[in-house]
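Please look over the model below.

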Amino acid sequence: MITSDTFEMIETITREALEAHPVWTHYEKPEDRDAILGWGVPVKVLDDEVARYEFCGPQPLYPVLQLDPLPRKRHLIVSATFDAACGIALPGYVLEPHAFGLFAGEREFCFNRNLVDLSARAAARLESALAEKPDRLYPLRFTAGLRTHDGRAIEGTIERFW
């Protein structure tokens, strides 16, 4: 688990990042700065991390160190386990309410409620990678083992890929 002593930003979410820490989000100045410093991250460490991303690249992600309860923030990327109808368990993440991603082998499969065509292609690739028919994969049930700022468990069922 990442702590204030091991705080580091990343460019993209990966399976390894989610194994290292269960919740990530995009850095948005200045509101995030105060929260991060409030978790005990040293000013120099935060400033050095922010400086690594001061270019026209992707907005960096940082580990959310407040886990119980999670802060009230949009776009939290939360590690979750997805259980397929056929019994296969897959690691992944949820970005409520819009998206989720699954890892199967070395591949990531991304689904977005607002991008139905992309999600349909990802579903076909996932079904092929797992050698399973859609009716054996869905519904997918997910659980994160964490709660939102208002106490709601982060869990649910996805009937299809949306």
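## Aromatic pairs

There are 7 aromatic pairs in the structure. A pair means rings of Phe, Tyr or Trp (its six-membered ring) with centres within 6.5 Å; planes under 30 degrees apart are stacked, over 60 edge-to-face, and the rest tilted. Phe-7 and Tyr-62 make a tilted pair, 6.4 Å centre to centre with 40° between the planes. This pair links distant parts of the chain, 55 residues apart: Phe-7 is in the segment before α1 (15–20), Tyr-62 in strand β2 (residues 61–63). Helices (H or I, at least four residues) and strands (E, at least two) are DSSP runs, numbered from the N terminus.

Phe-7 counts as buried because its relative accessibility is 5%. Tyr-62 is buried as well, at 2%. The classes are buried under 20% relative accessible area, exposed over 50% and partly exposed in between (1.4 Å probe, protein chains only). Phe-7, Tyr-27, Trp-39 and Tyr-62 form one aromatic cluster.

Tyr-93 and Phe-103 form a tilted pair at 6.1 Å centre to centre, with 55° between the planes. Tyr-93 sits in strand β4 (residues 89–95) and Phe-103 in strand β5 (residues 99–104), so the pair ties together parts 10 residues apart in sequence. Both Tyr-93 and Phe-103 are buried.

## Basis of the values

This is a predicted model: local features need pLDDT of at least 70, side-chain atom pairs count only at pLDDT 80 or more, and totals for chains, interfaces and linings use all residues. Residues are numbered from 1 along each chain as its sequence is written, and side-chain values use heavy atoms, with hydrogens and water left out.

## Helix packing

Helix α2 (residues 31–38) packs on helix α3 (residues 43–52) at about 140°, with the axes 10 Å apart. Therefore α2 is oblique to α3 (under 35 degrees is roughly parallel, over 145 roughly antiparallel, 65 to 115 roughly perpendicular, the rest oblique). Axes are lines fitted to C-alpha atoms, for helices over the stretch in contact, and angles run from 0 to 180 degrees between N-to-C directions.

Arg-33, Ile-36 and Leu-37 of α2 meet Val-43, Leu-46 and Asp-47 of α3. Contact means heavy atoms within 4.5 Å.

## Thr-157

Thr-157 belongs to strand β8 (residues 153–158). Thr-157 is partly exposed, at 40% relative accessible area. Leaving aside neighbours within four places in sequence, Thr-157 touches Pro-139, Leu-140, Arg-141 and Phe-142. The C-alpha atoms of Thr-157 and Cys-110 are separated by 16 Å, and the two residues are 47 residues apart along the chain.
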